[in-house]
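Hello,

Here is the structure I promised to pass on to you.

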Amino acid sequence: MRLLPLNMVRPGMKLGRRIYNEEGLTLLGERVELSHKLIQRLSEHGIDFIYIDDPRTNDVMIPDMISEETRFKATSEIRSSFRSMMEASVKQKTSSDKRLGKTFGNVMKMIIDDLSGHEDAMIMLTNISVMDDYLFQHSLNVCIYTTLLGMAYGYNRDDLTTLGLGALLHDIGKTQIPLELLRKNGKLTDNEFSWVKKHTEYGFQLLKEEPNISLVTAHCAFQHHERLDGSGYPRGIEGKDIHDYARWIGLVDSYDAMTTHRVYRKALLPHQAMEILYAGTDTLYEKKKIEWFRDHIAIYPIGITVTLNTGETGTVVGLNKMVPHRPIVRILKDEEGQELKAPFDIDLSVKLSIMITGVNEDLG
């Protein structure tokens, strides 16, 4: 399969990977033929990239980090709990039913169990081919990325549960922010942004009152927008005053926000987002955390189309964990742009003189 920007998808192409609806259930299955109407519908739902079927790369498999059962459970619980809080906020009523800790504790158990089978896996984009509200999907994405990072870092199961809950619920305070601000198609005014920033304080207040949720998890919601140099919010604290878990979540939160479609901009690809994160090294984010993240993320995801400095074009078909920026590429077109009758693979971790110079050139 190949990963294509939606604007390069043409009617007649077939899906290489299923698309989930907002309930976490399969909406479109693998090998469904795409029509102009279906492509338009995907665009309207904010999907920027999809996997398409391609006989030249039909041996390329991309395992799901979590099972469909876990995805459905997590998605439904996030939507149900967050929506209840949103409705209560509008009615100015108490929004907690004191079951958050138990509910999401069970969700975290499922997520950790699933991810335990992929501890050595590179972090792949999880927001591709999912139709859902940004807040709900973002919460799950940040949880999956952060928990997988925590596993690689060596946290034990209890620590992973606390970290994962902090990641899953880091934006719960946004349930107290008016939807029109969260979904505004355009730049927020200073007053609007000041209101949105209060989600960190709202989240802390909500979580610290919940049984079965630790104060550390509540502080993840409180501190995930704090930055090393004190330029963050809500308190402008610096360095070691920010909890280590909150610093992990803040980094992953920024990455997922950049690589997810928003109403005011298209999604960035992983290598583009990483460049922006690196610009904040030791001012916004710790250098060692950025490097750890870089070493465990698929900078060039499997299936993406790349152009090499040789002029050849191909698809990423494998990752090198030790050097994630130098994947295995299957060459499909030569330097003249002619399609090869016999595609071949190049391991960029071995061929050091060959480099990726472009992404998402059309392979036809």
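**Starting with one tyrosine**

Tyr-278 counts as partly exposed, because its relative accessibility is 29%, and the cut-offs put buried under 20% and exposed over 50%. Please keep in mind throughout that this is a predicted model. You can find Tyr-278 in helix α11, which covers residues 270-279. Which residues does Tyr-278 contact once its neighbours within four places in sequence are left aside? They are Ile-290, Glu-291 and Arg-294. Arg-294 is 16 residues away from Tyr-278 along the chain, and 9.6 Å separates their C-alpha atoms.

**Stepping back to the whole protein**

Now zoom out. The protein has 12 helices and nine strands. Its radius of gyration is 21 Å, close to the 21 Å that the globule rule gives for 364 residues, so the protein is as compact as a globular protein of that length. If you follow the C-alpha trace along its principal axes, it spans about 65 × 45 × 40 Å.

How much of the protein is buried? The share is 53% of the 364 residues. As for contacts with a separation of 6 or more, 66% of them are between residues 24 or more positions apart.

The accessible surface comes to about 16400 Å², and carbon and sulfur atoms hold 50% of that.

**Inside the protein**

The largest nonpolar core has 80 residues, and the members that touch the most others are Leu-168, Leu-169 and Phe-293. Helix α4 (residues 134-153) gives the most to this core, contributing 10 residues. Apart from this core lies another one of 14 residues, including Met-8, Val-9, Met-13 and Ile-50.

Not counting residues up to four places away in sequence, Leu-168 touches Ile-78, Phe-82, Phe-104, Val-107, Met-108, Ser-139, Leu-140 and Cys-143.

**Some backbone details in the loops**

- The peptide bond from Tyr-233 to Pro-234 is cis, and its omega is near 15°. Pro-234 sits in the loop between α9 and α10.
- Asn-212 is not a glycine, yet its phi is positive, at about 70°. You will find Asn-212 in the loop between α8 and α9. Is Asn-212 buried or exposed? Asn-212 is exposed, because its relative accessible area is 62%, and exposed means over 50%.
- Asp-282, also a residue other than glycine, has a positive phi near 60°. Asp-282 belongs to the loop between α11 and α12 (287-294).

Enjoy exploring, and write back with any questions.

Best wishes

Definitions and conventions: Residues are numbered from 1 along each chain as its sequence is written. This is a predicted model: local features need pLDDT of at least 70, side-chain atom pairs count only at pLDDT 80 or more; totals for chains, interfaces and linings use all residues. Side-chain values use heavy atoms; hydrogens and water are left out. Helices (H or I, at least four residues) and strands (E, at least two) are DSSP runs, numbered from the N terminus. The radius of gyration is taken over C-alpha atoms; the globule rule is 2.2 Å times the number of residues to the power 0.38. Buried means under 20% relative accessible area, exposed over 50%, partly exposed in between (1.4 Å probe, protein chains only). Contact means heavy atoms within 4.5 Å. Accessible areas come from the Shrake-Rupley method with a 1.4 Å probe; for residues, only the protein chains shown count as cover. A nonpolar core is a set of buried Ala, Val, Leu, Ile, Met, Phe, Trp, Tyr and Cys residues joined through side-chain atoms within 4.5 Å.
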